[in-house]
Amino acid sequence: MSQENFNDLYAFVCVAQEGSFTKAAARLNISQSALSQTVRNLEQRMGIRLLSRTTRSVATTHAGERLFIKLAPLFEDVTQELQDIGELRDCPRGIIRITTPEHAIDQVLWPVVKRFMDKYPDVTVELNADNRLVDIVGERFDAGVRLGEMLAKDMVAMPITPELRIAVTASAAYLAKHGTPSHPKELMQHRCINWRLPTAGGLLPWEFERGSEKINIRPNNSLILNTSHAGIQAALDGMGIFYTMEEKIVPYLNDGRLVRILEDWCQPFPGFYLYYPSRHHRSQAFSLFLEELRYRGNNARSDPCPPQVM
């Protein structure tokens with residue numbers, strides 16, 4: 001097969017991956033018209049249509065999808081191998097893209113990223129704060145960070161925090177005025193501050209467990225927000241009871257600005273994991289980042305916790 005054929009096939013793969021001639025052209029650093037002509041030439045030589053084009057979208061045909069499924073892993077392998085070979089002679093370099101909840105950036109990732117970038121200044125790290133359940137393959141991320149109970153199947157997952165806990169809090173002024181609940185069901189008689197989920201758009205259920213008893217509460221909401229920072233401020237201002245990650249409100253508990261309630265109903269649950277596709281080809285930079293993060297995530301252990309396939 002000629003070099004021209006290889007270039008045309010790679011151009012087709014890029015368009016199929018991006019779902020757009022404009023984005024693929026920018027990725028290949030060529031004009032959109034040149035890319036469109038390249039794909040048309042490939043279709044003419046093969047005698048079959050590979051892409052279905054409209055004014056708003058580009059999608060593979062049945063034949064195009066079959067070809068894409070075969071070609072994409074091959075080009076990925078070649079690209080990765082060339083990168084790996086290049087890294088044998090150079091310092092670690094490249095881009096590491098990670099999708100993660102904002103809370104994990106603040107509490108876990110930032111100290112690791114700072115330390116990592118001091119060691120490897122030629123590596124670019126991109127942290128994309130997003131509370132949605134992101135398709136890391138489809139959106140071209142190297143890895144993601146999510147709670148252990150939210151991990152997708154067929155992913156390699158590495159714990160980066162110990163178990164976490166929920167805390168239910170309110171200001172002392174609110175509790176003095178409205179009373180202190182001693183059971184989760186009593187929350188239904190209180191003003192509660194809730195969080196709207198960014199995925200399905202529903203409200204976060206409040207989950208409680210004590211011994212063998214499990215209770216899910218959907219409280220009567222006096223205020224609905226979509227950030228924990230706003231929820232904490234609302235609780236500080238005495239606007240109601242707030243349900244959030246324990247570590248977010250520790251400073252406010254320590255200085256007495258917030259009071260914790262129902263603590264015996266808030267049991268530990270799996271913490272944050274870094275995860276990536278099981279067939280992901282790890283670059284030297286990504287492998288080094290994993291080691292840095294593993295050390296940070298298990299600093300209370302003498303033995304590193306090995307990645308596991310979920």
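Modeller: Begin with burial: a residue counts as buried when its relative accessible area is under 20%, and as exposed when that area is over 50%. The model here is predicted. In it, Phe 75 has 17% relative accessibility and therefore counts as buried.

Colleague: Is Tyr 10 buried, partly exposed or exposed?

Modeller: Tyr 10 is partly exposed, at a relative accessible area of 27%.

Colleague: How many aromatic pairs does the structure hold?

Modeller: There are six aromatic pairs. One of them joins Tyr 10 and Phe 75: the ring centres are 5.1 Å apart and the planes stand at 55°, so this pair is tilted. Tyr 10 belongs to helix α1 (residues 3–18) and Phe 75 to helix α4 (residues 62–89), so the pair ties together parts 65 residues apart in sequence.

Colleague: Why is the pair of Trp 206 and Tyr 243 called stacked?

Modeller: Planes under 30 degrees apart count as stacked. The planes of Trp 206 and Tyr 243 are at 15°, with ring centres 5.1 Å apart, so the pair is stacked. Trp 206 is in strand β9 (residues 206–210) and Tyr 243 in strand β12 (residues 241–245), so parts 37 residues apart in sequence are tied together. Trp 206 is buried at 0% relative accessible area, and Tyr 243 also counts as buried, at 9%.

Colleague: Which residues do ring pairs link into a cluster?

Modeller: Phe 116, Tyr 120 and Phe 289 are linked in this way.

Colleague: Which residue lies over the face of Phe 141?

Modeller: Arg 97 does, at 4.2 Å from the ring centre.

Terms used
Residues are numbered from 1 along each chain as its sequence is written. This is a predicted model: local features need pLDDT of at least 70, side-chain atom pairs count only at pLDDT 80 or more; totals for chains, interfaces and linings use all residues. Side-chain values use heavy atoms; hydrogens and water are left out. Rings of Phe, Tyr and Trp (its six-membered ring) pair if their centres lie within 6.5 Å; planes under 30 degrees apart count as stacked, over 60 as edge-to-face and the rest as tilted. Helices (H or I, at least four residues) and strands (E, at least two) are DSSP runs, numbered from the N terminus. Buried means under 20% relative accessible area, exposed over 50%, partly exposed in between (1.4 Å probe, protein chains only). A charge sits over a ring if NZ of Lys or CZ of Arg is within 6 Å of the ring centre and within 35 degrees of the ring normal.
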